Amino acid sequence: MTGDLGNCFILGLVNSFLMIYLTNSVGLAGAVVGTMFLIGKFIDAFSDVTIGRLTDTSKLTKYGRFIPWIRKYRWFFGIATIFLFMPFVNKLSMTWRIIYIFVFYVAWGIFLSCVNIPYGSLASAISGDPDDRAQLSTFRSIGSAIGGASTGFVIPLVVYTTLANGQKVVSGTRFFLTSIVCVLLAWISYHFTVSMPTERVQVAKAEKVPLRKVLESLGKNKALLALIFTDLFIVINQILSGTTTTYLFSDYFHNSAAMSVALLFTYGSVLLLSPFATWMIKHWGKKEISIISLSFSVVMYLFMYFMHFTNPWIYLIFMFLATVGYSFFNLMVWAFITDVIDYHQYVTGYREDGTIYAVNSFARKCGQALAGGIGGYMLTWIGYKSSVAGGAAQSMAVINRIYGLANLLPAALLFIAVCILTFAYPLSKKKIHEVDDKLAKINKQNEK
């Protein structure tokens, strides 16, 4: 739990607020920020796969294989985060601003891989028991929800200042101080992550599998391919929603308090739904309930777009309902991956847990890269004005376009995810039972 808690103290700051900081305090154009995010996240995606392979083949130590990576690179990850928010950057020339931010954003992503990939691999090393791993997955979601909800709620309340005319604008200095606090909280959380667990399931060295065999086996796994693309669109929506929400409540509603509540929804809804998730999966199935809940979110976002609310608190009611809808998938995503791993053994005969985890992580990072690029390009496309003074006044046309983006984008992305799950993902509740029965027989024969 503390691993995801530490991650989200930093990810909650960077994923939701870095773009508005760079456009409204550093003075970068939205398209420039989008390009940096796009390139940086693609580099990050490849670093995930690279770090995953390096950790799998690294030597065992007295702490295990994965904990030493977190123990070492948590410091570099935190320092890179603080350097992203240095207040002197907007005093540099535009060229050096871009170079500075790009270099530290790429470094930040690589150090994130050095911490997060080993952390994500810990569950299989802590215990080989499926029930233990289910508990670890649940507490991982809880840690993520607490960390994300805390940053989403508190940060908007502290990074804005009020001008003489009453306008609220972001403060570069406050962002810098906030980054220090978030990093310190993350380091405290990581301390428990590296000091409390024990890596009990240890293998001396991972066997190298030829790339051709890996690609051939992955190509046979239709469930994996469908999950990758579903997760891709869900991640793009999640990142873009965090970005567009900050602009929506900053420039359209002009209400930072409502922004805090809105950013709390994504994580708070996970905590709200977690007690019921297992029961719903058991009765209806992961695929089935995800299709229903995602479809509900699509309807809610379309309703909000056509109603064109001007009261932020009324808007928040329907936004909460929309968030609850797609939060079901986020809560179940680790269970989806477990099913896909089992299905891979079912169709190929190979058990490749680590490879599938890395491939799905790669796809999620690609989604984050696309989201970063799309968000920045769309800001430029709608005519959003950047600033170094905390935020420029936007025209009414731009403000209305922000409202449209905040509702139509998630409606479209979630609709695509629904279609992929419905028509391409093969693991219905009935099919999963069939897979489980076959694997149980195979494992029983192997034991004999």
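Which two side chains are joined by a polar contact of 2.8 Å? To find them in this predicted model, count residues from 1 along each chain as its sequence is written, and select Asn-7 and Asn-116, whose side chains form that contact (a pair of N or O atoms within 3.5 Å, where within protein one must be able to donate a hydrogen and the other to accept it, and residues adjacent in sequence count only if both atoms are side-chain atoms). Local features need pLDDT of at least 70 and side-chain atom pairs count only at pLDDT 80 or more, while totals for chains, interfaces and linings use all residues; side-chain values use heavy atoms, with hydrogens and water left out.

Stay with Asn-7, which sits in helix H1, residues 2-26 (helices are DSSP runs of H or I, at least four residues, numbered from the N terminus). Asn-7 is buried, at a relative accessible area of 1% (buried means under 20%, exposed over 50%, partly exposed in between, with a 1.4 Å probe and protein chains only). Although Asn-7 and Asn-116 lie 109 residues apart along the chain, their C-alpha atoms are separated by 7.7 Å. Next select Tyr-190, whose side chain makes a polar contact of 2.5 Å with that of Asn-7.

Then move to Leu-185 in helix H6, residues 172-195, which counts as partly exposed at 36% relative accessibility.

Finally, colour the protein by pLDDT, the predictor's confidence in each residue, from 0 to 100: the mean is lowest in helix H7 (residues 211-220), at 66, and highest in helix H10 (residues 286-307), at 94. Where pLDDT is low, the predicted coordinates should not be read in detail.

How values were computed:
Helices (H or I, at least four residues) and strands (E, at least two) are DSSP runs, numbered from the N terminus.
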